[in-house]
Amino acid sequence: MKIIELNQEQFSLKNITIKFEQLNQDEHIFLSRVLKRVSSKVFLDTKSLLVFLDIDELRNLLPFFKVEEQRRQLELIIQRHQLIWSSERFRFDLTSSAIVYSIVNVTPDSFYDGSVDHLQVDYILKRVESDLENGAAVIELGGKSSRPGYADISPEEEWLRLEKPLKAIKQHFPQAIVAIDTDEALVMERTLDLGADIINDIDGFDTHEKLEVIQNYRPAVVAMNNGRAGFNFAENVFDELPLFFEEKAKELRAIGLKNEQICIDPGVGFFKGDSGLDSVQRLKATERLTHLGLPVMVAISRKSFMESIFNVVSKDRLFSTLMLEAQMILDGGRILRVHDVKETKVLIDAVKRYKEI
């Protein structure tokens, strides 16, 4: 039996194309048996089989192969599709499992749960403690709202909102991985000075000043295309996003980041459109974006597009959020940015268990 991976120039978590060649009768029977639950396969003739597997199906297949050389070939294919997000203080293997990335707003005007309590350090620490206990891998602090129609504030005011909570979290939860949601170079620099691990920019590090900060500190990053600047590379989302992020990754690598430090976010819910179609299209681009070999963030938690598209009232957005997140995990989305940590961790564990059986 000869095992060949096709399309080796393309990374994928969902569609890994493998051709088994030079099969004898026993090997033909063997593959028919071990692949009986895989529908995406075709015997080209009696001696060759073409099969499309996701990363979990491929891993589940491995124990059936007892011949050392055959196992080694499959292990090399799995290794080529390994997906890592890392920086100095963390390393997440996202190949087969998603992580929970918790939203902790330090702002009174968040679209979903805005409250003056969010400016109180004691409240924030209790929230962080709860989220870590419930399975959050990353805690993200955001000092200003970025919802459609938001009222901007100065970088100095944003920094004042973040300074005390960030210091408190670093003191009380020194092992916590902390991200900062900001589009201001000043805020990026000051929070990195205090030990922030990740910078998440809704504008995709679009200025020299921001890129200079990232070059000097080399944190992990989340780069978004939020659609507010219009299309620069193509005329639709499915063409625009892969091209945009391909260029953005090159730009970030040019200033010293490694692929493993870069996460991309297709910007669901940022472009103002009453129909919500833009948001759904950005969601459905997830699988294509995974071909870049970069972690894809799923940031849809309780966003309003669900009401117009799925006729879901505001209080029921958690259900639609979890439904869509499950599909995004299957499509290769691996970093789930959420308000509801406990429920999301249950979802991730359930999807993982389902794939293992």
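This is a predicted model: local features need pLDDT of at least 70, side-chain atom pairs count only at pLDDT 80 or more; totals for chains, interfaces and linings use all residues.
Mentor: Start with Leu289. Leu289 is buried, at a relative accessible area of 0%. Buried means under 20% relative accessible area, exposed means over 50%, and partly exposed lies in between (1.4 Å probe, protein chains only).

Trainee: Where does Leu289 sit?
Mentor: In helix H10, residues 286–290. Helices (H or I, at least four residues) and strands (E, at least two) are DSSP runs, numbered from the N terminus.

Trainee: How far apart are Leu289 and Asp265?
Mentor: In sequence, 24 residues; in space, 9.4 Å from C-alpha to C-alpha.

Trainee: Salt bridges next. How many does the count come to?
Mentor: The count is 24 salt bridges. The rule asks for a side-chain nitrogen of Lys or Arg within 4 Å of a carboxyl oxygen of Asp or Glu.

Trainee: Which residue pairs with Lys14?
Mentor: Asp331, with the closest N and O atoms 2.6 Å apart. Lys14 is in the loop between strand E1 (2–5) and strand E2 (16–21), and Asp331 is in helix H12 (residues 317–331), so the pair ties together parts 317 residues apart in sequence.

Trainee: Buried or exposed, those two?
Mentor: Lys14 is partly exposed at 30% relative accessibility. Asp331 is buried at 8%.

Trainee: And what does Lys355 meet?
Mentor: The side chain of Asp54, in a salt bridge of 2.4 Å, N to O. Lys355 belongs to helix H13 (residues 341–356), while Asp54 is in the loop between strand E4 (48–53) and helix H2 (55–61), so parts 301 residues apart in sequence are tied together. Asp54 is buried, with a relative accessible area of 11%.

Trainee: What about Arg127 and Asp131?
Mentor: They form a salt bridge too, with 2.8 Å between the closest N and O atoms. Both are in helix H4 (residues 121–133), four residues apart, so about one helical turn separates them. Arg127 is buried at 15% relative accessible area. Asp131 is buried at 5%.

Trainee: Which residues are linked in a network of salt bridges?
Mentor: Lys144, Asp152, Asp183 and Glu184.

Trainee: Switching to the surface. Which residues gather in the patch of negative charge?
Mentor: Glu189, Asp193, Glu209 and Glu212. Patches use residues with over 30% relative accessible area and no salt bridge; like charges are joined within 9 Å, and nonpolar side chains (Val, Leu, Ile, Met, Phe, Trp, Tyr) within 5 Å. Areas come from the Shrake-Rupley method with a 1.4 Å probe, and for residues only the protein chains shown count as cover.

Trainee: How are charges assigned and placed?
Mentor: Lys and Arg count as positive, Asp and Glu as negative; His and the chain ends are not counted. The place of a charge is NZ of Lys, CZ of Arg, CG of Asp or CD of Glu.

Trainee: Which helices supply the negative patch?
Mentor: Helix H6 (185–193) and helix H7 (208–217) each supply at least two of its residues. Glu209 lies in H7 and is partly exposed, with a relative accessible area of 47%.

Trainee: Which residues make the nonpolar surface patch?
Mentor: Phe310, Phe319 and Met323, over about 320 Å². Phe310 is in helix H11, residues 305–310. Phe310 is partly exposed at 33% relative accessible area.

Trainee: Back to helices. Which residues of H1 are buried?
Mentor: In H1 (residues 25–34), they are Glu27, Phe30, Leu31 and Val34. Down the axis of H1, the buried residues fall within an arc of 95°, so they line one face of the helix. That arc is taken from the directions from the helix axis to the C-beta atoms.

Trainee: What does the face turned away carry?
Mentor: The exposed residues Gln25 and Ile29.

Trainee: Last topic: backbone. What is the phi of Phe205?
Mentor: Phe205 has a positive phi of about 50°, although it is not a glycine. Phe205 is in the loop between strand E10 (198–201) and H7, and is buried at 0% relative accessibility.

Trainee: And Arg302?
Mentor: Arg302 is not a glycine either, yet has a positive phi of about 55°. Arg302 sits in the loop between strand E13 (297–298) and H11. At 9% relative accessibility, Arg302 is buried.

Note on methods
Residues are numbered from 1 along each chain as its sequence is written. Side-chain values use heavy atoms; hydrogens and water are left out.
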